[in-house]
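Welcome! Keep the 3D view open as you read.

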Amino acid sequence: MKVHSIRLRENKLLPRQPAEVDPQARKRLRDLRSEIIALLSRQRFISFIKQPKLHFDNQLNCLWLLHEFLTTPEQMFQHVARLQIYAFRHWEVPSMEALRSIAREDLIRGHEKFRRATLLSSDPVPNGKGYRTISIGKGSENDATTAEHMVLPMHRVAQRDIFAFILSHGLIPRDIEGVGEKMHELYRLTKELNQQQRTTQPAMPFSQDALRSRLLEGDWMRARLPILEPSCLTDMEKGVWELYQPIVPTGKGWVELALDPPWEARNPEMDVRKGVIAIDFGTSSTVVACREDGKTSLLRVGMSDFYRKPAPADYQNPTILEFVNLPRFLNAWTSEAHQPMTRWEDFHFSHEALKNFRENEGNQRIVASLLTNIKQWPLTPLEYRNRRITDQTSGMELEIRATDAPMPVRGQPIAVSWEDPFDPIELYAYYLGLFINHRANGLFLEYYMTFPVTYPREVKRSILTAFSRGLMRSLPETLMLSPLMERFHVREEASEPAAYAACALEELEIPATTDGTAYAVFDFGGGSTDFDFGIYRQPTHEEVAQGYERVIERFGASGDMYLGGENLVANLAYLAFQQNLDLCREHQIPFTLPPEAERFPGHEMFLDNSHVAQTNTALLTAKVRPLWENFRWDLEPLHGATPGEKKPARRQSDRIADALSEYLTGADFTLLPGTQTIHAPENILEVAVEFLNRNREKVPVTLRIDRDGINHFLVRRVGQGIHRFFVAMKQAFAERGIVPGEVHVLQAGNASRALLVQALFAALLQQKMFRWTPPPEGVLKNLALEEIQHSVAFEHFIVHRPPVGDPDNPYRPTAKTGVAIGLLKLIPGESLLAISATPTGEHDEAPFRLFVGRLHQGAFQPVLTQNGAYREWREIGVPTRGTFVLIYSSSPLAGLGTLPRGAQELREKSLFFGPGLVKEKRLYIQAVATTEVELCLADSLEQILLRPEDVLHRMRVVLQ
């Protein structure tokens with residue numbers, strides 16, 4: 001398609017720094033916006049002048065149409081889909097969750113047309129015959145049949161808040177005192193600032209040569225993707241997406257440029273592929289897999305040399321961001337929504353960022369500009385979530401805050417602003433999208449993601465929103481107008497261990513039997529270790545009728561939330577810091593406290609979450625990382641060996657297991673004091689580091705690290721995690737009444753490949769492990785190890801070590817890529833079904849993560865159990881003098897009921913009721929979310945169920 005002219009945004013062709021404006025005026029602009037939002041947010045619903053039937057919902061960030069509309073379930077979707085009210089299209093029938101929220105409000109309950117109505121939802125009933133309803137007057141929920149019910153259409157909003165919504169649509173709020181005056185001042189001040197920018201920064205000339213360079217080299221400028229051939233502008237079989245404009249844009253900020261000779265535009269619809277993308281978003285690395293025409297492949301992202309021969313490691317894309325020039329980068333990132341002209345010289349990610357870090361790990365300027373662990377960031381409580389980074393060029397500091405960006409809305413463009421909070425996950429997803437949707441690959445619209453079993457629904461929703469926005473921003477802007485965008489989605493489809501099992505069970509040719517083959521996934525990743533247990537079986541008659549050929553039936557999901565490769569390294573850095581505490585005291589060097597670690601006496605001036613402390617932690621983490629990744633244990637020669645004598649060959653991990661059998665002294669995997677794992681003089685490692693002190697001054701120091709102390713810690717911590725795996729396995733199968741003859745242990749995650757992990761598995765299993773080679777002198781009897789081995793309940797284990805990949809076939813699954821490849825086997829349309837027998841909460845909430853209970857004779861007694869049912873009341877005890885000490889834990893060891901008070905696995909929370917409230921009352925508890933419980937004081941369980949109005953002090957508690 002030949003085009004003779006093109007309309008472009010000025011900042012698209014020639015992006016430049018925003019002009020300097022009066023900082024006081026800019027501050028007043030921000031303050032006005034905050035004041036207006038505060039006024040508009042005081043009430044849930046906002047109505048508008050001249051649009052009395054439209055109400056903006058501040059809580060759900062959507063628009064409701066209050067209109068009397070009766071329909072049958074068969075007609076509702078068609079009718080609502082055709083609605084267009086003013087500028088608002090894409091109305092939908094709300095879910096039961098949205099209806100429950102709005103049905104309690106006076107706006108509906110007091111409305112003459114709705115207060116006795118039965119509202120129809122879009123949620124089908126379990127048998128698929130009808131949809132669920134809610135009766136406003138009675139508050140009851142039912143199933144709809146063919147009868148007519150009232151529909152309350154709902155329109156999702158792309159803007160972050162009510163203020164942005166009314167500005168983008170020119171609406172005037174009604175009956176909100178003070179808003180009109182403040183908006184008038186806001187418009188006046190905005191006009192003045194715009195005028196100031198125009199007068200201080202004249203427009204720059206455009207040219208066809210500049211446009212040619214931008215079109216051909218734009219991908220290379222953004223992400224070092226290949227430069228386009230000049231023939232793309234002239235060859236009618238090629239063309240460029242950016243030149244395709246089915247609707248001529250109008251408004252301010254657009255410039256028309258004549259093209260002589262004309263160039264070829266390409267409709268991006270022509271390059272939309274039919275394949276699907278699976279993304280395994282990891283703490284350390286991320287994997288992207290694609291299935292198209294029945295073939296599965298892996299995609300390289302973040303690479304700067306696509307002509308290099310692929311290797312398996314290329315497909316494990318580091319989850320890391322590097323900021324070189326923040327002002328320039330943020331100006332481009334917030335200037336436009338789709339394919340913003342960010343520059344590679346201002347920002348790196350993935351392989352390039354990791355390469356720069358590894359080559360400059362002692363450089364404070366580089367280390368301070370890196371952002372890692374972004375997957376775990378949404379899991380952090382809000383009060384601890386803020387982080388700072390400093391770029392390498394300007395020294396600008398950026399604070400990373402929690403964002404409230406809405407999920408992209410079908411048919412609506414994404415809105416961005418310089419005031420938007422910065423979301424690192426959205427940025428990472430955008431750059432993934434640039435590589436996925438590169439011109440050589442085509443454009444993909446269907447994405448599936450997988451998450452750890454223990455991630456709460458809100459955390460998964462936050463990550464899905466960020467990925468949806470980032471991936472959509474990587475697509476050509478004109479594609480947003482296409483009907484094909486109806487296909488765009490980013491969905492959760494399976495848990496990470498379930499996806500890995502789907503890949504490994506098939507790859508290892510493990511049969512799906514009628515009774516079920518028992519399996520257990522040990523997924524040792526960067527942030528945590530997930531456990532997943534289940535059986536691999538043939539389908540039932542009902543499942544065969546639904547088209548399934550094999551079934552993975554999962555139960556007993558658990559994990560060790562702090563046992564991750566990155567967390568281990570962080571703890572090693574903290575241990576090295578403590579080993580050199582006197583030196584750090586002398587130079588006043590601050591440090592951060594990693595998860596699970598304990599504070600030391602006198603920590604007050606040394607532990608904080610400042611940017612200086614984070615930089616020091618990152619510097620030392622880089623130095624101690626090899627102590628984990630290249631774990632070493634010096635072993636004596638085989639006992640009794642003489643020169644030239646041949647002994648049975650044994651793996652190094654089995655020999656370390658022999659040493660563990662000799663030196664373990666306790667059930668917590670404590671080694672015998674004085675055990676030398678590294679021979680002198682190499683036991684003491686000297687490390688030169690240039691820290692920052694509290695005055696931000698550079699302080700070069702030489703640390704002395706005790707490698708034996710490091711190894712003792714690693715044995716203890718990793719051993720505890722593997723022990724918890726076997727405890728959780730025993731509990732999971734026992735709850736199902738299954739005693740398998742053998743269990744296939746599927747080791748996943750790169751950290752599972754560690755020598756110490758293999759040694760600990762061998763030490764625990766020994767004769768129970770398939771093809772285990774006993775030591776020539778026999779196994780040493782160790783009472784501590786025998787006590788731990790009681791948790792290894794079953795008679796036979798086949799341990800499948802994590803696959804390392806095939807250099808000649810980089811698409812062959814590895815311990816990391818297997819999750820994304822397995823996810824493609826579980827998406828809709830596949831014949832493999834993964835089901836969970838573990839109870840979940842409403843709206844597909846993750847299983848309950850905790851053991852919650854009380855103290856009895858100084859030991860923890862669980863009342864609510866991990867993976868237990870939601871919303872089932874249990875009696876937990878009686879408060880003493882108005883106070884109850886609630887004990888909880890995420891460790892499978894808590895289920896044994898033997899942990900003493902003060903154990904590392906246990907947490908406590910004191911609940912205060914007041915002495916007058918608890919007289920002759922008992923305390924009851926139920927699980928309501930993954931880490932949230934509800935408690936109340938009552939005479940009996942019958943009172944809660946039959947006379948809830950008599951129940952006292954009902955409260956919900958989040959257990960972090």
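Arg-473 lies over the face of Trp-333, at 3.8 Å from the ring centre. Elsewhere, Trp-220 has the charged end of Arg-224 sitting over its ring, 3.7 Å from the centre. Please keep in mind that this is a predicted model. The points below go on to other rings, then to helices, a strand residue and some backbone details.

**Aromatic pairs**

- Searching the whole structure turns up 39 aromatic pairs.
- Take Phe-281 and Phe-467: their ring centres are 5.0 Å apart and their planes stand at 65 degrees, so this pair is edge-to-face.
- Phe-281 is in the loop between strand E12 (276–280) and strand E13 (285–292), while Phe-467 belongs to helix H13 (residues 457–473), so the pair ties together parts that are 186 residues apart in sequence.

**Helix H20 and its partners**

- Helix H20 (residues 707–735) and helix H21 (residues 755–765) have axes that come within 10 Å and cross at roughly 55 degrees; the two helices are therefore oblique to each other.
- The crossing of H20 and H21 is right-handed.
- On the H20 side, the residues that meet H21 include Leu-714, Val-718, Ile-722 and Phe-726. Among those that H21 brings to this meeting are Leu-756, Leu-760, Phe-761 and Leu-764.
- Helix H16 (residues 565–579) is another one to look at: its axis and that of H20 come within 11 Å and cross at roughly 140 degrees.
- H16 also passes H20 in a right-handed crossing.
- Where H16 and H20 meet, H16 contributes Leu-568, Asn-571, Leu-572, Leu-575 and Gln-579. The H20 residues there include Gly-709, Ile-710, Phe-713 and Arg-717.

**A residue in strand E35**

- Glu-908 lies in strand E35 (residues 907–912), and at 40% relative accessibility it counts as partly exposed.
- Which residues does Glu-908 touch, leaving aside its neighbours within four places in sequence? Glu-908 is in contact with Val-885, Leu-886, Ile-887, Tyr-888 and Arg-901.
- Glu-908 and Leu-959 are 51 residues apart in sequence, and their C-alpha atoms are 9.2 Å apart in space.

**Cis peptide bonds**

- Asp-260 and Pro-261 are joined by a cis peptide bond, with omega about 5 degrees. You can find Pro-261 in strand E11 (residues 254–264).
- Another cis bond runs from Ala-680 to Pro-681, where omega is near 5 degrees. Pro-681 sits in the loop between helix H19 (652–663) and strand E26 (684–692).

**Positive phi values**

- Glu-509 is a residue other than glycine with a positive phi, near 60 degrees. Look for Glu-509 in the loop between helix H14 (496–507) and strand E23 (517–524); it counts as exposed, at 69% relative accessibility.
- Arg-881, likewise not a glycine, has a positive phi near 50 degrees. Its place is in the loop between strand E33 (874–877) and strand E34 (883–889), and Arg-881 is exposed, with a relative accessible area of 80%.

Methods:
Residues numbered from 1 in each chain as written. Predicted model: local features only at pLDDT ≥ 70, side-chain atom pairs only at ≥ 80, totals over all residues. Heavy atoms only, no water. Phe/Tyr/Trp six-rings, centres within 6.5 Å; stacked < 30°, edge-to-face > 60°. Helix = DSSP H or I, 4+ residues; strand = E, 2+ residues; numbered from the N terminus. Lys NZ or Arg CZ within 6 Å of the ring centre and 35° of its normal. Axes fitted to C-alpha atoms, helices over the stretch in contact; angles between N-to-C directions. Parallel < 35°, antiparallel > 145°, perpendicular 65-115°, else oblique. Left-handed = near helix turned anticlockwise from the far one by under 90°. Contact = heavy atoms within 4.5 Å. Buried < 20%, exposed > 50% of the residue type's maximum accessible area, 1.4 Å probe, protein only.
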